[in-house]
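This briefing concerns the pockets of one structure and the residues that line them.

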Amino acid sequence: MEDETQNLCNPIALLLSSLGYSYVLATYMTKGLTRVLFLLPTFYLLTIFPWYFTSSLLRGVLSFFITWITSFKLLLFCFNQGPLAACKNYIDFVAIAIFPLKIQENTHLHLTLSLSFKTLSSIMARYELVTLFNKPYLATSLQDFWGRRWNRLSSNILRQTIYEPTQNVLVGFVGVGKARILAMITTLVISGIMHELMFYYISCGTRPTWEVTWFFVLQGISMVFEGALKYLARVKGWTPVHPTVSNVLTLAFVSFTFSCFLVLPV
């Protein structure tokens, strides 16, 4: 029992110390690539952190929240962007980095050397959970489903780290419309790769078969066709599809492709 407790404490202590390193040292570095280089040890730790645990399910959860989301939050932090850039103390930094939390407005954290129930209550009251799902069963389009309703935590972090930077880089070369399309496809590819990585942790390092990635690529391509069809409908003056019909079609497409690319291979 003592060995199990020690085995659990070691990776957690390593995670907390690496985030402390990121918070204290990196804030003195110039934002940009310099800060990214100084945070490379932390990024490496986040990739190996799930392997400290024997449970496949726990590795999957940790690979999502720690290996993926925390890494992307730190990447934004390197450029003074994202939720970590607004953290004013170490406790806020760790809480926001690890958990799906955000700091409530008009709240202040007063740190003391003694921990009491009142202190812990004030700390907990400072944060609120990020809404992960916004009634995805009501989605009336693929863009609505993936962009505004399904897993808001990952979609928001992907928008900030992948979609917006890619669109900003490409818009000067290919124009606004094509830049949006390429940025969306790129974002869905990265999302697929990160989901593939989660399955890699869950399956104890089994070689990826890439069905998960192709699932998200297909969603991106389908969203492009969906947007083109809506544009054509507006130009031609066609009667819009009833929301109930579009809701059924959206959920049917997502469910069918999910079954083909994820459920059956697994």
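The model is predicted, so local features need pLDDT of at least 70 and side-chain atom pairs count only at pLDDT 80 or more, while totals for chains, interfaces and linings use all residues. Residues are numbered from 1 along each chain as its sequence is written, and side-chain values use heavy atoms, with hydrogens and water left out.

**Terms**
- A pocket is an open set of points on a 1 Å grid over the protein atoms alone, where a 1.4 Å probe fits, with protein on both sides within 12 Å along at least five of seven lines; lining residues have an atom within 4 Å of a point.
- Grid points are joined across faces, edges and corners, and a volume is the space filled by probe spheres set on the points.
- Helices are DSSP runs (H or I, at least four residues) numbered from the N terminus.
- Ala, Val, Leu, Ile, Met, Phe, Trp, Tyr, Cys and Pro count as nonpolar, Asp, Glu, Lys and Arg as charged, and the others, Gly among them, as polar.

**Largest pocket**
- Its volume is about 1300 Å³.
- The lining has 42 residues, with Trp146, Gly147, Ser155, Leu188 and Met223 the closest to the centre.
- Helices supplying at least two lining residues each include H4 (56-77), H7 (142-149) and H8 (152-174).
- H9 gives the most, with 11 residues.
- The lining comprises 27 nonpolar, 12 polar and three charged residues.

**Second largest pocket**
- This pocket has a volume of about 560 Å³.
- Among its 18 lining residues, Glu226, Leu229, Lys230, Val241 and Ser246 lie nearest the centre.
- H10 and H11 are the elements that give two or more residues to this lining, and H10 gives the most, with six.
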